[in-house]
Amino acid sequence: MQPNRRLSDFLPLKFANGQEIKQFSKPCVACGKMLHAKHMHGVARLIENHIAIAAKAHCESCGADFSVACVINSDKQVKRVVLPRILFNLYLRNLPLQNQETAPSAYVREQPLPEELDAREDAAEYRRAGPVKPSFQPRDIVRAEESLGRFQEKPIPAWLILDGARFEFDRIAPDARTKDGEYLLDGCLIYRPA
Ligand SMILES: [Zn+2]
C-alpha cells in the first residue's frame with residue numbers, strides 16, 4: 001500500500017487529453033482561507049480519466065482539520081465523493097499504479113523503471129564486450145540485390161562482395177561490434193567471409 005504524502009508531492013498529474021492538474025486548492029471549511037495541496041496530506045491518483053483525491057487538510061490560520069474526498073475529471077470539474085474519506089483513501093492507496101500515472105519520486109527510487117534497468121544492462125554488456133575494433137575498409141563494395149529482410153527501414157543484403165571477396169550476412173549488431181575478419185555494413189549489419 002502506498003503511504004500518505006503531502007498532496008503537492010503527487011502533482012502535477014496529467015490527463016490523457018493533455019490537461020494537467022498542477023495545483024489543487026480548497027477553502028478552509030471553518031475560516032474560508034484558501035488551502036493548497038501542500039496543506040493537505042493523503043493520496044492523489046490518476047485513474048483512467050479522473051484524478052481521485054482523498055486527503056486531510058490542515059488550516060494553518062485557524063487550526064481546523066477537515067477531510068477532502070473528491071474526483072476531478074479531465075475538464076477539471078471537481079466532484080465530491082460520498083464515500084467517507086478514510087475508506088476512499090484506503091481504496092486509492094491500494095490501487096496498483098496505472099500506466100500513465102507518474103509515481104511520486106520516492107516510489108521510483110525504490111524500484112528502478114524498466115528503461116533504467118535496460119540502460120544498465122546495455123552498459124554492462126558494452127563493458128564486457130571491450131573496446132570497438134575498427135573493421136576493415138574495402139575500396140570496392142558490391143551489395144547483393146537479394147535481401148534477407150529489413151532492419152531500421154533499410155534492406156539487409158544477403159551477401160556482399162568486398163574487394164572481390166564474398167561475405168555472407170551473419171547477424172544484426174545494434175552495438176556495432178565486430179570480431180576479427182568481419183565487416184560492418186551500415187553501422188549495424190555484420191558480414192563474415194564466405
Ligand atoms: Zn481555517
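## Ground rules

Buried here means under 20% relative accessible area, exposed means over 50%, and partly exposed is what falls in between, with a 1.4 Å probe and protein chains only. By that scale Arg 143 is partly exposed, because its relative accessibility is 43%.

This is a predicted model, in which local features need pLDDT of at least 70, side-chain atom pairs count only at pLDDT 80 or more, and totals for chains, interfaces and linings use all residues. Residues are numbered from 1 along each chain as its sequence is written, and side-chain values use heavy atoms, with hydrogens and water left out.

## The chain as a whole

The chain holds 3 helices and 16 strands; these are DSSP runs numbered from the N terminus, with helices (H or I) needing at least four residues and strands (E) at least two. Of its 194 residues, 34% are buried. The accessible surface comes to about 12300 Å², and carbon and sulfur atoms own 51% of that. Those areas come from the Shrake-Rupley method with a 1.4 Å probe, and for residues only the protein chains shown count as cover.

What about contacts along the sequence? Taking contacts with a separation of 6 or more, 47% are between residues 24 or more positions apart. A contact means heavy atoms within 4.5 Å.

## The zinc site

Four cysteines hold the zinc ion through their SG atoms: Cys 28, Cys 31, Cys 59 and Cys 62, at 2.3 to 2.4 Å. Donors are N, O and S atoms within 2.8 Å of the metal (3.2 Å for Na, K and Ca), and water is not among the atoms, so sites may look incomplete. For four tetrahedral donors, the ideal angle at a metal is 109.5 degrees.

Along the chain, the zinc donors follow the spacing C-x2-C-x27-C-x2-C. Cys 28 sits in the loop between strand S4 (25–27) and strand S5 (34–36), while Cys 59 is in the loop between strand S7 (50–58) and strand S8 (65–73), so this pair ties together parts that are 31 residues apart in sequence. Cys 28 is buried, at a relative accessible area of 5%, and Cys 59 is buried too, at 0%.

## Salt bridges

Count a salt bridge whenever a side-chain nitrogen of Lys or Arg is within 4 Å of a carboxyl oxygen of Asp or Glu, and you get 8 of them. One of these joins Arg 143 to Asp 186, at 3.0 Å from N to O. That pair links distant parts of the chain, 43 residues apart: Arg 143 belongs to strand S10 (residues 141–143), and Asp 186 to the loop between strand S15 (183–185) and strand S16 (189–193). Asp 186 is partly exposed, with a relative accessible area of 32%.

Arg 171 pairs with Asp 170, their closest N and O atoms being 2.7 Å apart, and Arg 192 pairs with Glu 182 at 2.9 Å. Glu 182 is buried, at 2% relative accessible area, whereas Arg 192 is partly exposed at 37%. Shared partners join Asp 170, Arg 171, Glu 182 and Arg 192 into one salt-bridge network.

## Around helix H1

A nonpolar surface patch of about 490 Å² is made by Met 1, Leu 83, Ile 86, Leu 87 and Leu 90. Patches are built from residues with over 30% relative accessible area and no salt bridge, joining like charges within 9 Å and nonpolar side chains (Val, Leu, Ile, Met, Phe, Trp, Tyr) within 5 Å. Leu 83 is in the loop between strand S9 (78–80) and helix H1 (85–94), and is partly exposed at 42%.

Helix H1 also contains Asn 89. Is Asn 89 buried or exposed? Asn 89 is buried, with a relative accessible area of 4%. Not counting residues up to four places away in sequence, Asn 89 touches Asn 4, Gly 42, Val 43 and Ala 54.

## Leu 11

Leu 11 lies in the loop between strand S1 (5–6) and strand S2 (13–14), and counts as buried at 17% relative accessibility. Leaving aside neighbours within four places in sequence, Leu 11 is in contact with Ile 21, Lys 22, Gln 23, Phe 24 and Ala 37. The C-alpha atoms of Leu 11 and Ile 21 are separated by 6.9 Å, with the two residues 10 apart along the chain.
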